[in-house]
Amino acid sequence: MVNLRIWRKFDFLMVGIVLLLIAYGALMIYSATQSAVDLQELWRVQLTRAGIGLIAMLVVSLIDYRYYRELYKFLYVGIVILLAVLLIAGELTGGTQRWLAGGAIQPGELTKLVIIIVLAKIISDHDGEMDRIPYLLQSLTVVLLPMLLVFLQPDMGTSIIIGFIWLAMALVGGMRLFHLGLLGGGVALASPIIWLMMKDYMRQRITLFLDPTGNPDDFYNVQQALISIGSGGWLGKGFGNGTQNQLRFLRVRHTDFIFSVIGEELGMLGAILLFLLIILLLWRILRVANLAGDPFGRLIAVGVGAVIFFQSFVNIGVNLKMVPVTGTPLPFISYGGSSLLTFLLTIGLLQSVLIYRKRLDFEN
Amino acid sequence: MTEYQVKLRLFIFQLTVILFFGLLVAQLWRLQFLKGEEYQQLADRNRFRSVEIEAPRGIIYDRNGKLLVRNRPIFDVVIVPAYLPDDMTAETQVFAHLARLLKLPITNSGAREIASHNAYFRSFLHHEYTRLPNRQVKNSRSRLLSKTPRGIKDAVDNAPPFAPYQPVVIAADIDPAVAAIIEEKRLNLPGVFVQTNSERDYLTGELSAQILGYVGPISPGQVENYPPPIYNPNDNVGLVGLEYSYEDQLHGVKGQEIVEVDVTGRKVTTIGDSQAAEPGNNLILTIDLDLQTFATEQLQAAMEDSGGQSGAAVVLNPNNGEILAMVSLPSYDNNLFAQGISAREYSLLSEDKSAPLVNKAIGGLYPPGSVFKIVPAAGALEEGVVSPHQQFLAQGILYLPNKFFPDDPELAQPFYCWYREGHGLVDVVSGLAHSCDIYFYQIGGGYAPSGYEGLGHERLTAYAERFGFGAPTGVDIPGEGAGLAPTPKWKRLNYAETWVTGDTYNMSIGQGFVLATPLQVVNAYAALANGGTLYKPHLVKEVRNPQKDLLFQAEAEIAGQLGLSEETRGWVEEGLRAVVEWGTAKDVINVPGISVSGKTGTAEYCDRYPQCLDRDGRVKTSHAWFVAYAPSQNAEIAVAVFVYGGGEGSATSAPVANAILRYYFGIDQLEENADNAQAESENVALKNFTARLLGGDTHGSAGAAIHGFVLDEQGQGISQIIVSLSADGEEIVRLPTGNNGQFDFNDIATRLGDNWQIRLPDYPASNEIELSLDGGTRYFVEFQAMETGNAP
């Protein structure tokens, strides 16, 4: 295109893995929705959105990532206001509000992206000083407000993911392990007080989260997921032949439980293939962190890696009954426009980090 | 932080990734290998079900092959809550769409307080309205029906919690056309399904309800009487009538198949070989539907004219006990029970004073009155108590002297004849002919002042029992009463009084304690008419399997012998002949060319004392009886007609019997038929029919079958209309419709064509029915004439 050197730095392998994951996902969405008349076209919708998302990714990858450094305050204030408005609107109408603009965008997904940029800016400003408690607490404070707002939505899953993003970025940014222990101990000590301070409905959300038998729907879903995966065996029952999937015993199978469809129809082979693709992607993402020209770029890569890793693990963990049920989609695989778009944007951001790492480029 | 530390931490991150994915792999391995078998079994348990295939219940025909009961396919609309859209707006759209189609409210919470002001709502409370099937919300398996329609949303909200896959019945037995629309629109109606079931359809309703009975759910206390595998507790079984007594024949044998089901429990495919259901066997009755219809109309008219509150008529063949007609009025519509009767409707029926649920022909116990007189007559002649020509002077009143003061006329008890003027000198023939009470008092109870002994109560009871009184006849439907042939012991036990001559007097004229059912009465006369054999009356002539093979043929079953000499019988019969010739029924019975014998009866009863007395203190309310058989020699038919509170037997019941006899011997039909046929053919020629496929169900035989009706604008069947069945345009068979417009094509070889047409060749403007036939399936079709004016 305009500048051949730009494309030389572009990580085609990473985008290739992403394309494979999206294709894998669309294929499984197709299999998961053939038995429900009203859902049969979803795989096409997903591919269309992937097309739009890929263009957005290319555009983002051409914008110098350092530009966002200057914008971080606007981004942060913007997302906090957005979350607060949604929360108030939700309280007023008596329902929960996780959707924006008639359901087109989930602000929770957008929040992750903004938090990665904001944290990267704040931590990189104090590069090498994160072992000091004031700076650590500053970064933590920045994260706590959106975490709380998201938790109240209620979207406990996203709230935890944001917390994990902070943890991963702070650790790579230089947080002392001693402080991590201190923080863990502090939370453990404070938890009874926090528990007492919480309102009843908040406690209910946490107990439901920790004890799936309290929610018969979740319990049923996980039980069916285990049956699906367990009955899949080595090679699975074959694409489109999963009885749990095709006879609809498995629920929310094209979104949160799509891994169970893979486990049932393609067996351990399909699941390991998925694992390898995700690990490969994470390797490419952490490679960006290694290659990044500045701490800001490196921390962005760490944040993106953290969110993709954490969400993948939590989603698959739910399917395998290792993690309590959260409505967390599997990156690039689960059906869902906001999630797919957000993850493609993060990939674009990483490409931008690669393309605009000027200093190192000259050194090479 | 040094570059090295950063790289180290990134490396640790990578290790963490590997470690955590390692955990996932370990869990995957545990699930898929260590516990793979177990989960495979759980997956199979999810999807495989062993399900019963309902066996179609046997069909019932009258003696001429006319269909009385069929199995009608019914359609229920159910919602599986789990498949409703998650979005509230979309869900409400589904409800609204369904509400329009089913004419049901979405919700009626909040509508309660204004219910009485709301005509739409009130209309559901109306008794008749609720019988319109597509407006009624009910659980067809339950008698606890709600009269007020639940709103669709209310029904879904009230579904059991934590069972989102359990279908909720929204509307039962909806119009097949609406069912078809819902099936067509199922893409717009996620979560809405149509379930098909089968229900008994009693085509003749009230006309045959007392005979056929009905089916209904097994009551909880009876479950152990209907053991698996033949039954399951949700089955419908025959509860009353032939449906009950021939339950073993009718129910069939359930089939079994292993099916793969989806999460809603709907069958996806059949796995392996299924064991087909064997349909129940069909009953062919001794009843002649036309005669039954005619007798019902006549009895109904007689009841209305006389003000009688109920009535019964039984027609049977005296030579084998076949019952040709059995009418009990008022009757009820047994379809109400088959559809699941509401508590309100049931209490209306069961609390009705005229007891429509009781078959009065077999279960009504009434004083027989004068029709009982053949018993003392036969007994006295046979025992030599009286000689055929021995005469008694009947002065209209007989004074029975007091037992302890025989010489004090003041204490004597008067016994009256119905004819106060007295019949003069009376022998057995004129005694029967005029129904002279004085004659029967004396031959039954004797007369002390003249030293005449009479038959006496012991022998009277013995002869009553020979004629079948006091014991059930053994007819093949439940609900039969034994009646009562009283004995001194019975009186002592029930009244703590001794038997006196007056009791014998009363019994001799069929009053007092003696009670009989109309069936017992007609059976007694039939025994006399056939030469002295008491048969067990029956309603089922043949039982055939669905392939039409004869499984059982009813034979004349002898219940006893009268044990009368030829001579005795001759004299009694002559008396009964005289009743019609010149006696109490002389102007009423008129069957040209056929000699008829009979007996009138006017049995006094008193339901409400003293309103039943007239000014002279005599009982004025009476039941009207008439019993007849014809021809007098070699009788073919015996008839008993009873009208409760109908007054004089000769005035109320005898004309009904006369009409039945005339009908049976075809006196009136010859001319009428000629007229009707002409009128009908002119009328019908203008008609233009619309064709409808009503539905189908499975039955046992390999071929397909088509059952249908040709109806006029009012829904009455039209006979003698040619119906043609063609395969791919080539005519296979044509046949005329039967008396109630019915036609049946059975055992159709489906390989003869792909597209089948049923049409009325004589009415080319009518549309035809096109269908593809599957073996083992029974299709129900209907041609109905369009309102005149549409005719070409």
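**Entry 1: domains**

I started with the layout of chain B, which is divided into domain 1 (3-34), domain 2 (51-284), domain 3 (293-669) and domain 4 (680-785); the bounds come from an automatic or database domain assignment. I then looked up the centres of domain 1 and domain 3 of chain B, taken over C-alpha atoms, and 100 Å separate them.

Ground rules for my own reference: this is a predicted model, where local features need pLDDT of at least 70, side-chain atom pairs count only at pLDDT 80 or more, and totals for chains, interfaces and linings use all residues. Residues are numbered from 1 along each chain as its sequence is written, chains are lettered from A and ligands numbered from 1 in the order in which they are written, and side-chain values use heavy atoms, with hydrogens and water left out.

**Entry 2: the five-stranded sheet**

I followed an open sheet in chain B with the order β12-β11-β23-β22-β21 and antiparallel pairing. Strands here are DSSP runs of E, at least two residues, and helices are runs of H or I, at least four residues, numbered from the N terminus; two strands pair if DSSP finds at least two bridges between them. At the edges I found β12 (323-329) and β21 (597-604) of chain B, each pairing on one side only. From one strand to the next the twist averages 5°; axes are lines fitted to C-alpha atoms, for helices over the stretch in contact, and angles run from 0 to 180 degrees between N-to-C directions.

Inside this sheet, β11 (residues 310-316) and β23 (residues 637-644) of chain B pair in the antiparallel sense over seven bridges. I picked out B:A313, whose bridge partner in β23(B) is B:V641.

Next, the helices. α10 (residues 289-306) of chain B lies across β11, β12 and β23 of chain B, at about 35° to β12(B). α21 (residues 566-581) of chain B packs on the sheet too, touching β21 and β22 (622-630) of chain B, and its direction makes about 80° with that of β21(B).

I also checked for cis peptide bonds. B:L329 to B:P330 is cis, with omega near -5°, and B:P330 is in the loop between β12 and α11 (334-338) of chain B. B:A630 to B:P631 is cis as well, with omega near -15°; B:P631 lies in the loop between β22 and β23 of chain B.

**Entry 3: the four-stranded sheet**

Another open sheet in chain B runs β24-β31-β25-β28, with mixed pairing. β24 (689-698) and β28 (742-748) of chain B each have a single partner strand, so one side of each is left without a neighbour in the sheet. The twist averages 15° from one strand to the next. β25 (residues 704-711) of chain B runs antiparallel to β28(B), joined by five bridges, and B:A704 has B:I748 as its bridge partner in β28(B).

**Entry 4: chain A against chain B**

I found 54 residues of chain A in contact with 40 residues of chain B, contact meaning heavy atoms within 4.5 Å. The two chains bury about 4,100 Å² between them, 73% of it on carbon and sulfur atoms; buried area is the accessible area (1.4 Å probe) that two parts lose on being put together, summed over both.
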